[in-house]
Amino acid sequence: METMYGKSDPVIFLNAPTEAQYMYVRIAKTADTKKAIAAMASVMQKHNATFPFEYEFVDDAFNQKFKSEMLVGTLSKLFAILAILISCLGLFGLAAYTSEQRSKEIGVRKVLGASVANIVNLLSKDFIRLVILSIAIAIPLAWWAMSSWLQSYAYRINIQWWMFALAGLGAITIAMLTVSFQAIKAAINNPVKSLRTE
């Protein structure tokens, strides 16, 4: 009835025909909504022709109360996607630079019998350590920020551990996909070319 931040106050619905302003009508789920609205409009026109028939769905009115939260949610998704793209570009560039700097080492390792998986593991583990460190720093900060934000609502969800685990797993997966492309590219290069350039 009021704001979504506070607790719900008790509500009494009175049948006072002299002061009627709103009428709540429940339509059956199987009914055609347009036909039901047209039928209500004809009844209202017949019995109350001096006032225009205006209607609003309860779920639309309820959603209007959350308009600012939905806007913040949409903006958060857009900025999160943008942040992921920028970080992937940074990781991609750093992986390309590292593989270029270590090309001779990779060539020597390949000549000595290292497999593609070994070289990918060698190039990827440093990046994955940094991602895990950033996840360890981000999880407490995110938990604190979300808990503080949820305190402004009377009815709220509890933040579960699996939400952070899923986000961390997603970050590690994205980092692995980004770095492994450059690592595989460096691992399948001909070692003779990298060892000959001097």
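I shall begin with the conventions and then turn to helices, the cavity and the pockets.

This is a predicted model, in which local features need pLDDT of at least 70 and side-chain atom pairs count only at pLDDT 80 or more, while totals for chains, interfaces and linings use all residues. Residues are numbered from 1 along each chain as its sequence is written, and side-chain values use heavy atoms, with hydrogens and water left out.

A word on the helix terms. Helices are DSSP runs of H or I with at least four residues, numbered from the N terminus. Axes are lines fitted to C-alpha atoms, for helices over the stretch in contact, and the angles between N-to-C directions run from 0 to 180 degrees. An angle under 35 degrees counts as roughly parallel, and one over 145 as roughly antiparallel. A crossing is right-handed if the near helix is turned clockwise from the far one by less than a right angle.

Let me take α3 and α6 as the opening pair. Helix α3, residues 67-101, packs against helix α6, residues 161-188, at an angle of about 25 degrees, and their axes are 9 Å apart. That angle makes α3 roughly parallel to α6. The crossing of α3 past α6 is right-handed. Contact here means heavy atoms within 4.5 Å. On the α3 side, the residues that meet α6 are Ile84, Cys88, Leu91, Phe92, Ala95, Ala96 and Ser99; on the α6 side they are Ile174, Ala175, Thr178, Val179, Phe181, Gln182 and Ala186. By class, this contact of α3 with α6 holds eleven nonpolar, three polar and no charged residues. In this classification, Ala, Val, Leu, Ile, Met, Phe, Trp, Tyr, Cys and Pro are nonpolar, Asp, Glu, Lys and Arg are charged, and the others, Gly among them, are polar.

Next, α5 and α6. The axes of helix α5, residues 116-150, and α6 come within 8 Å and cross at roughly 155 degrees, which makes α5 roughly antiparallel to α6. α5 also passes α6 in a right-handed crossing. The contact of α5 with α6 comprises 23 nonpolar, two polar and no charged residues.

How do α4 and α5 pack? Helix α4, residues 103-111, and α5 pack at about 150 degrees, with axes 10 Å apart, and α4 and α5 are therefore roughly antiparallel to each other. In this contact, Glu105, Ile106, Arg109 and Lys110 of α4 meet Ile119, Leu122 and Leu123 of α5. Those residues divide into four nonpolar, no polar and three charged.

On a 1 Å grid over the protein atoms alone, a cavity is a set of points where a 1.4 Å probe fits but cannot get out, and a pocket is an open set with protein on both sides within 12 Å along at least five of seven lines; lining residues have an atom within 4 Å of a point. Grid points are joined across faces, edges and corners, and a volume is the space filled by probe spheres set on the points.

There is one cavity of 30 Å³ or more. The largest cavity holds about 40 Å³ and is lined by Ala95, Thr98, Ser99, Leu123, Phe127, Val179, Gln182 and Ala183. Each of α3, α5 and α6 supplies at least two residues of that lining.

The largest pocket holds about 1,300 Å³. Its lining has 26 residues, of which Tyr22, Met23, Tyr24, Glu54 and Glu56 are the closest to its centre. Helix α2 gives the most to this lining, with five residues. By class, the lining of the largest pocket has 20 nonpolar, two polar and four charged residues.

Finally, the second largest pocket has a volume of about 400 Å³. Its lining includes Ile12, Phe13, Tyr22 and Tyr24.

Definitions and conventions
Parallel < 35°, antiparallel > 145°, perpendicular 65-115°, else oblique.
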